Amino acid sequence: MSSVLHPAAPGQDPVNELARPSARYRPISSHLAITPPVSVVIPAMNEAENLPYVFKTLPDWIHEVVLVDGNSTDGTVEVARDLWPGVKVVQQRGKGKGDALISGFAACTGDIIVMVDADGSADGQEIVSYVSALVSGADFAKGSRFANGGGTDDMTRVRRLGNRVLCAVVNAKFGARYTDLCYGYNAFWRHCLDEIALDCTGFEIETLMNIRVVKAGLRVQEVPSHEYLRIHGVSNLRAVRDGLRVLKVILQEKGVRRAARRRPAAIGVTTVRGEVS
C-alpha cells in the first residue's frame, strides 16, 4: 500500500510540510507523520457526560470524527460540537449498535476507519497502534483485551467465559487465531467494507466483522488494548441476550464457503501499546 508512516527527516518540520500542496502528512510527533486520512466513528446515545473523556483522548492528527447519534435526549450532539467543532453528526434512523456503525461507516471520507465506543472505556491514544498495524500491511487491526499488553477493567466472569468460548468456536470454524472476539475497538482500511458486506443491527456486528474478514482472506493483526470502566451511565449490553445473538451469527456464517485467501488470515501481535513497531 502506498500510504505509510513516514519518519520525519532530520531538521524537517512536519507541520510546515503540511503546507506543501503535494504533501498530505499529518504529524503524529516531531519524528513521525502519517499520510492516510483517519476517520473515527463514535456511535452514541445519551452519552453527553462521557464525551468529554472520549474526545480528550483523541489525537489531534485524525482527519475527522463521525458521531452517530441514536436520538439522544441529553444534549449529546451539542456537547460533541462544543468539544470537536468540526465533528460530522449522523442521525441514526434505525436502532442498535450495528445499525449505528454501518451509518457511520457510510459517512466516512478517510482511508482508515477506527471504531471507538462513546462510554469512555477506550483510550483514543491507542489509535496510533491501530494505524501502525494497518500501514505496516494489515487490512484489519483488531483490538484485543487478552493479547499480551492488553487488559480489561470491565468484564464479569460470565462475560469473560462467554467471550472465551465463542472465540474458540470462531477460531475452530473459520481458521482464525483470535484471542478476543466481542470487542468494539477496531480499525480497518475503508475498502474492506466492500468485501465484508455488513448487515446486522446489534452488538453482534463486531463478531460478524471478525468472521467476514477471515472469510474474505483479509490480513488481520491483533492490537493489544486496555478496556476501562464505563464512566457514566449503564451499558445496554446484556450478556445472555447478546451472547445468544453472537452465537446465532456464528452458526449462520459457518456454512458460507470461505474465499480463497490472498494473505494469511492472521499474524502475530507485533504492535506494542503506545508504540509504533
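Visitor: Over which residues does the pLDDT stay under 50, and how many contacts beyond four places in sequence does the model have there?

Guide: Start with the general idea. Where pLDDT is low, the predicted coordinates should not be read in detail. This is a predicted model. Its pLDDT stays under 50 over residues 14-23, and the model has 13 contacts beyond four places in sequence for that stretch. Residues 259-277 also have a pLDDT below 50, with 54 contacts beyond near neighbours in sequence.

Visitor: What does the chain average in pLDDT?

Guide: The average is 84. Of the residues, 79% score at least 70.

Visitor: Next, cysteines. How many disulfides does a search of the whole structure find?

Guide: A disulfide is a covalent bond between the sulfur atoms of two cysteines. In this structure, the search finds zero.

Visitor: Are Cys182 and Cys108 buried or exposed?

Guide: Cys182 has 25% relative accessibility, so it counts as partly exposed. Cys108 has 5%, so it counts as buried.

Visitor: On to helices. How many residues of H5 are buried?

Guide: First, the general idea. An α-helix has 3.6 residues a turn, so residues three or four places apart point the same way. Now the case. Helix H5 covers residues 127-135, and nine of its nine residues are buried, so the helix is largely enclosed by the rest of the structure. Among the buried residues are Ile127, Tyr130 and Leu134. Ser129 and Ser132 are on that list too.

Visitor: What comes after H5?

Guide: Gly137 follows H5, with a positive phi near 130 degrees. Ser136 sits in the loop between H5 and strand E8, which spans 140-144.

Visitor: Is Ser136 buried or exposed?

Guide: Ser136 has a relative accessible area of 53%, over the 50% cut-off, so this residue is exposed. Ser136 and Gln221 are 85 residues apart in sequence, while their C-alpha atoms are 10.0 Å apart in space.

Visitor: Last, cavities. How many of 30 Å³ or more does the structure hold?

Guide: The structure holds one. The largest cavity has a volume of about 40 Å³.

Visitor: Which residues line the largest cavity?

Guide: Met115, Val116 and Asp117 do, with Ser121 and Ala122. Tyr183, Gly184, Tyr185 and Glu227 complete the lining. By class, that lining has five nonpolar, two polar and two charged residues.

Note on methods: Residues numbered from 1 in each chain as written. Predicted model: local features only at pLDDT ≥ 70, side-chain atom pairs only at ≥ 80, totals over all residues. Heavy atoms only, no water. Disulfide = S-S within 2.5 Å. Buried < 20%, exposed > 50% of the residue type's maximum accessible area, 1.4 Å probe, protein only. pLDDT = per-residue confidence, 0-100. Contact = heavy atoms within 4.5 Å. 1 Å grid on protein atoms, 1.4 Å probe; cavity = no way out; pocket = protein on both sides within 12 Å on 5 of 7 lines; lining within 4 Å. Points joined across faces, edges and corners; volume = space filled by probe spheres on them. Nonpolar A, V, L, I, M, F, W, Y, C, P; charged D, E, K, R; others polar. Helix = DSSP H or I, 4+ residues; strand = E, 2+ residues; numbered from the N terminus.
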